[in-house]
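This briefing covers domains, helix packing, aromatic rings and backbone features. Keep the sequence and the structure in view while reading.

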Amino acid sequence: MEQDSAALDRAHQRAVDWLAGLGHRPVPPQASVEEVAAALGSELPETGTDAPEVVDLLAEACDPGLTAMPSGRFFGFVIGGTHPAALAADWLVSAWDQNCGLRRLTPAHSAVEDITSGWLLDLLGLPPQCAVGFVTGATMANFTGLAAGRDAVLRRAGWDVAEHGLTGGPRVRVLVGAERHDTVDLALRYLGLGLPEPVAVDDQGRVLADALQDALEAGTGEPTVVVLQAGNVHSGAFDPFPETIAAAHAHDAWVHVDGAFGLWAAASPSYRHLVDGYAAADSWTTDAHKTLNVPYDSGLAIVREPAAVRAAMGMHGAYLIHDDHGEPLDKVPEISRRGRAFPVWAVLRSLGRSGVCDLVDRLCRHATAFAEGLDAIAEATVVNDVVFTQVCATFGSDERTQEVVRRLLEDGTAWMTGSTWRGRGILRISVSNWSTTDDDVARSLDAVRRAVAGL
Ligand SMILES: *Cc1c(COP(=O)(O)O)cnc(C)c1O
């Protein structure tokens with residue numbers, strides 16, 4: 001008990017120091033893998049060390065190698081911070097140490113999961129009867145939704161994957177936008193579906209409804225899955241859902257929407273139009289660890305027909321205690337898992353409906369401010385229509401843009417990632433952190449100006 005308490009006290013102090021330091025430490029890490037490894041020492045000790053001391057050793061050695069990802073000036077990839085309510089609840093998750101696969105084993109988590117699922121579906125404007133699986137992230141949410149879809153379209157074609165596997169069955173066609181996220185391909189690979197057929201997109205990366213229609217018509221009645229996107233990682237753009245989903249359903253296809261960060265547009269009346277019509281799909285992916293600012297790892301796999309996901313993911317072991325409601329483990333790939341619904345509940349309970357809406361609006365407002373600030377820099381060109389939280393810019397040639405990215409990292413005020421979009425080198429800004437302030441945006445734009453000035 002005493003060791004527990006002392007170790008947690010140390011961890012608490014270290015965590016508070018870390019969070020307090022985010023305002024002034026450089027955003028990029030200041031030590032390499034090798035330097036951190038050297039500070040830790042690679043020898044496995046023969047004898048034990050007290051838990052509080054281990055916490056101190058770890059925190060001390062790792063600190064310089066940490067990236068200030070929860071900082072309000074981290075704009076790389078699509079990375080949320082940690083809302084205080086979610087972070088604190090996440091500590092309890094570890095202390096409580098509940099294995100949350102079965103209702104009767106962990107009633108507290110199941111109650112929270114049920115309530116949270118209802119809140120999520122409400123906020124996202126999705127049908128209340130959908131199954132919500134709490135998975136590790138959008139990759140596994142894509143995997144889960146697409147597994148349900150694969151099995152459902154094959155079942156309609158008279159083929160039971162659970163019984164026969166894929167070998168010898170009908171081939172499943174998978175149509176995806178040419179600019180889908182790479183994890184869609186990864187999920188398809190896990191599912192044994194191979195490479196999907198890309199559908200042409202417009203200059204913002206949105207699927208062209210006519211191209212999808214043509215691709216569907218070119219089919220000969222094969223079982224088909226269509227993957228659409230809410231929130232392109234470069235442009236932030238959303239596929240045109242009403243016409244694409246209607247066309248897919250007219251061909252009896254399963255429609256999955258990857259909205260790892262974009263699904264949250266639904267929570268704001270100002271941005272809800274971006275997801276118009278998307279509630280007609282069959283499954284959806286989103287992350288809680290991006291826009292919702294829950295600590296890693298937290299993704300949500302949403303499937304319209306609970307029976308479809310249960311058919312793909314459900315498991316029945318003789319030694320498990322099954323509940324008539326269906327089990328949490330029927331909605332996700334894993335059996336053992338941590339209490340992921342607790343921190344999601346905490347952030348939603350803390351923000352309330354209006355707070356979630358404000359969060360989405362604020363992220364978008366900062367993205368617009370970035371676009372305006374970049375527009376005012378003569379050398380910079382914003383190359384996407386900034387409709388949501390993503391901003392992409394070029395600075396003349398690819399070489400000059402790469403140089404700006406390099407200098408920004410060296411400067412350390414902010415983290416923005418370099419990327420390639422539509423064949424050009426770009427600087428990519430993703431506003432995903434609840435704590436980003438107007439001042440963070442202003443300081444980050446100053447850093448861009450400094451990087452450009454020296455070119
Ligand atoms: C981030 C992202 C993913 C992958 O999410 P993880 O949580 O990292 O697994 C998938 N799709 C889109 C659109 C994303 O932005």
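Two residues are in contact when heavy atoms of theirs lie within 4.5 Å. The model discussed here is predicted. The protein is divided into domain 1, residues 2-68, and domain 2, residues 88-346. Between the C-alpha centres of domain 1 and domain 2 the distance is 36 Å.

**Helix 4 and helix 12**

- Residues A85, A86, A89, D90, V93 and W96 of helix 4 are in contact with F342, P343, A346, V347 and S350 of helix 12.
- Of the residues in this contact between helix 4 and helix 12, nine are nonpolar, one is polar and one is charged.
- Helix 4 spans residues 84-96, and its axis comes within 8 Å of the axis of helix 12, at a crossing angle of roughly 150°.
- Angles over 145 degrees count as roughly antiparallel, so helix 4 is roughly antiparallel to helix 12.
- The crossing of helix 4 and helix 12 is right-handed.

**Helix 6 and helix 8**

- Helix 6 covers residues 138-156 and helix 8 covers residues 182-190; their axes are 9 Å apart and the helices pack at about 50°.
- Helix 6 and helix 8 are therefore oblique to each other.
- Helix 6 and helix 8 cross in a right-handed sense.
- On the helix 6 side the contact is made by T139, M140, N142, F143 and L146, and on the helix 8 side by T183, V184, L186, A187, L188 and Y190.
- The residues of the contact between helix 6 and helix 8 comprise eight nonpolar, three polar and no charged.

**Aromatic rings**

- A pair of aromatic rings is described by the distance of the centres and the angle of the planes.
- How many aromatic pairs does the structure hold? There are nine aromatic pairs.

**Backbone features**

- Most residues other than glycine have a negative phi, and most peptide bonds are trans.
- Is the peptide bond from Y296 to D297 cis or trans? The bond is cis, and its omega is near -10°.
- D297 sits in the loop between strand 6 (283-287) and strand 7 (299-303).
- D252, a residue other than glycine, has a positive phi, near 65°.
- The loop that holds D252 runs between helix 10 (241-250) and strand 5 (254-258).

Definitions and conventions
Residues numbered from 1 in each chain as written. Predicted model: local features only at pLDDT ≥ 70, side-chain atom pairs only at ≥ 80, totals over all residues. Heavy atoms only, no water. Domains from an automatic or database assignment. Axes fitted to C-alpha atoms, helices over the stretch in contact; angles between N-to-C directions. Helix = DSSP H or I, 4+ residues; strand = E, 2+ residues; numbered from the N terminus. Parallel < 35°, antiparallel > 145°, perpendicular 65-115°, else oblique. Left-handed = near helix turned anticlockwise from the far one by under 90°. Nonpolar A, V, L, I, M, F, W, Y, C, P; charged D, E, K, R; others polar. Phe/Tyr/Trp six-rings, centres within 6.5 Å; stacked < 30°, edge-to-face > 60°.
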